[in-house]
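Here are my notes after going through the model you sent over. Have the coordinates open while you read, and turn to each spot as it comes up.

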Amino acid sequence: MNILHIDTNHELLIDQLNEAGYTNETDYTSPKEEIEKKIHQYDGMIIRSRFPIDEKFLRKATNLKFIGRVGAGLENIDAEVAKELGIKLFNAPEGNRNAVGEQALGMLLSLFNNLNRADREVRNGIWKREENRGLELEGKTVGIIGYGNMGKAFAKKLKGFDVEVVCYDIVGGVGDDNARQVGILEFKKNADIVSLHTPQTPETLEMVNMEFINSFQKPFWLINTARGKSVVTKDLVAALKSGKILGAGLDVLEYEKSSFENLFTGEMPDAFKYLIHAGNVLLTPHIAGWTVESKEKLAQTIVDKIKENFS
């Protein structure tokens, strides 16, 4: 079985596939058009996010049996066409769920305790104690939207903080000992913190808009380690200005490129200008699942799934 790797990953991926008897080739630089011309030569392909795998590409891949995405989501692949053509899709949310859970918790604690702002002030010789008085998680209600691998990992991290954790998901029966599944009305009534852990789908695009925000009974804190396009940034900014959203930890942004490797080109949007100067906003460059450990776990997960299905 011939496998083409078009993105760099942890070396164990190729090493273990070689040991298992697969033939591995790499092409990390050719443009999509060149890959498309030769993809019919391969039985499998390994990607991260270098370019989208659309219908045209898939129909050229006449011998392709699987695509392994070394990451959590599959939105860059036309899954319906892949299914029609009998191409299996493997992703690896199991590989970086712990990393995402830890970052979501870290962002929340940083916001509640003004850690980034206080750090900047002290470095500039400013010593403000009362102005940086923090909040405690104890007694708060943490609401998790999307209770799959990532949501469950975050809920697990909250054990021991004496918070109530509730989750909302379009799939029923996903609640567990770490989070009580509730309907959307109860969720919006009680949540003090809202953390997004949803994939990018038509239903989640622009999900967090002004109507959604204003439907919550209380002002709340927002954490987004999922997908940037789930949040309408200008509506988030309006809610930050009004106090309806008390603060936000954003690992992902609406303006990201689909490859996740860059932000945007051209003029900086006004909403983003506000975010980068807001003291109650924490920004990171899509690194929630991006740890030394998760790089290895993601690769191992894909290797295991390939061997399980094509041994």
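Helices here are DSSP runs of H or I with at least four residues, numbered from the N terminus. Keep in mind that this is a predicted model.

1. Let's start with Lys 32, which sits in helix H2, residues 32–38. Is Lys 32 buried or exposed? Buried means under 20% relative accessible area, and Lys 32 comes in at 15%, so it counts as buried. Leaving aside residues up to four places away in sequence, Lys 32 touches Phe 51, Pro 52, Asp 54 and Phe 57.

2. Next, two backbone spots worth a look. Most residues other than glycine have a negative phi. Asn 114 is not a glycine, yet its phi is positive, about 55°. You'll find Asn 114 in the loop between helix H5 (93–112) and helix H6 (115–123). Its relative accessible area is 15%, so Asn 114 is buried.

3. His 286 is the other one: its phi is near 55°, again a positive value in a residue other than glycine. Where is His 286 found? Look in the loop between strand E12 (281–283) and helix H12 (292–310). His 286 has 19% relative accessibility and therefore counts as buried, given that the cut-off is under 20%.

4. Now the helix pair H10 (residues 233–242) and H11 (residues 270–277). Their axes come within 9 Å and cross at roughly 45°, so H10 and H11 are oblique to each other. The crossing of H10 past H11 is left-handed. On the H10 side, the contact is made by Thr 233, Lys 234, Leu 236, Val 237, Leu 240 and Lys 241, while H11 brings Ala 271, Tyr 274 and Leu 275. Sorted by class, that contact has 6 nonpolar, 1 polar and 2 charged residues.

5. On to the packing. In soluble globular proteins, nonpolar side chains tend to be buried together. The largest nonpolar core in this model has 30 residues, and Val 194, Leu 196, Leu 222, Leu 236 and Leu 275 have the most contacts inside it. At least two residues of this core come from each of strand E9 (193–196), helix H9 (210–214), strand E10 (220–224), H10, strand E11 (245–250) and H11. Which element gives the most to this core? That is H10, with 4 residues.

6. Finally, take a closer look at Leu 222. Not counting residues up to four places away in sequence, Leu 222 touches Val 194, Leu 196, Val 208, Val 231, Leu 236, Ile 245, Gly 247, Ala 248 and Gly 249.

Conventions:
Residues are numbered from 1 along each chain as its sequence is written. This is a predicted model: local features need pLDDT of at least 70, side-chain atom pairs count only at pLDDT 80 or more; totals for chains, interfaces and linings use all residues. Side-chain values use heavy atoms; hydrogens and water are left out. Axes are lines fitted to C-alpha atoms, for helices over the stretch in contact, and angles run from 0 to 180 degrees between N-to-C directions. Angles under 35 degrees count as roughly parallel, over 145 as roughly antiparallel, 65 to 115 as roughly perpendicular and the rest as oblique. A crossing is left-handed if the near helix is turned anticlockwise from the far one by less than a right angle, and right-handed if clockwise. Contact means heavy atoms within 4.5 Å. Ala, Val, Leu, Ile, Met, Phe, Trp, Tyr, Cys and Pro count as nonpolar, Asp, Glu, Lys and Arg as charged, and the others, Gly among them, as polar. A nonpolar core is a set of buried Ala, Val, Leu, Ile, Met, Phe, Trp, Tyr and Cys residues joined through side-chain atoms within 4.5 Å. Buried means under 20% relative accessible area, exposed over 50%, partly exposed in between (1.4 Å probe, protein chains only).
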